[in-house]
Amino acid sequence: MPAIRIIHRTSFPPVEAWSMLTDWERHGAQVPLTRTIIETPSPTHVGTIFTARTGVSRITFDDRMEVVVWRPPTEGSPGEVRLEKRGRAVTGWAEIEIRPLATGGSEVHWREELRLRGLPRALDPLVAAAGRLLFGRALVRLLRP
């Protein structure tokens, strides 16, 4: 599975960054040709399911995800969310960890391993590079007020 690792520092404190990064509907707005469909009632919790649907017209694929770890940050302690990808086209997992910085603000660790079914493993390096670019841009945009 292609591994994607992104580390990003922000001036937002962990609780605020958490709120911005776990607003699942905003994720769809940051990825081209994608919208997010929330399938379970708010607020997010272990068991929340949502789908990122990407494509144009009838040519789409779904990245269905379930929250399996939900630990929001508290004053001075990190937060972590883990998503298991349960779609037909996309499988794997994603984690977002937000750590407080001693100097203020926070450090975000975005880790993801994904598999696009039907794609040969020889293309894993390309998928990982595209993922780092796509998710890195989404991360920066999600952390805009």
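Helix H3 buries Asp124, Val127, Ala128, Gly131, Phe135, Gly136, Ala138, Leu139 and Leu142, where buried means under 20% relative accessible area, exposed over 50% and partly exposed in between, with a 1.4 Å probe and protein chains only. Seen down the axis of H3, these buried residues fall within an arc of 165 degrees, so they line one face of the helix; the arc is that of the directions from the helix axis to the C-beta atoms. This is a predicted model, in which local features need pLDDT of at least 70, side-chain atom pairs count only at pLDDT 80 or more, and totals for chains, interfaces and linings use all residues. Residues are numbered from 1 along each chain as its sequence is written, and side-chain values use heavy atoms, leaving out hydrogens and water.

**Helix H3**
- H3 runs over residues 124-142, has 19 residues and reaches 26 Å from its first C-alpha to its last, close to the 27 Å expected (1.5 Å times one less than its number of residues).
- Helices (H or I, at least four residues) and strands (E, at least two) are DSSP runs, numbered from the N terminus.
- Turn to the face away from the buried side and you'll find the exposed residues Pro125 and Leu126.
- The cover over the buried residues of H3 includes strands S1 (3-10) and S7 (106-116), plus helices H1 (14-21) and H2 (24-30); contact here means heavy atoms within 4.5 Å.

**The cavity**
- On a 1 Å grid over the protein atoms alone, a cavity is a set of points where a 1.4 Å probe fits but cannot get out, a pocket is an open set with protein on both sides within 12 Å along at least five of seven lines, and lining residues have an atom within 4 Å of a point.
- The structure holds one cavity of 30 Å³ or more, and the largest cavity has about 40 Å³ of space.
- Among the residues lining the largest cavity are Asp124 and Val127, which also belong to the buried set of H3.
- S7 gives the largest share of that lining, three residues.

- The largest pocket has a volume of about 560 Å³, and of its 27 lining residues, the closest to its centre are Val31, Asp63, Glu112, Leu134 and Phe135.
- H3 provides the largest share of this pocket's lining, with six residues.
- The lining of the largest pocket has 18 nonpolar, six polar and three charged residues (Ala, Val, Leu, Ile, Met, Phe, Trp, Tyr, Cys and Pro count as nonpolar, Asp, Glu, Lys and Arg as charged, and the others, Gly among them, as polar).

Methods
Points joined across faces, edges and corners; volume = space filled by probe spheres on them.
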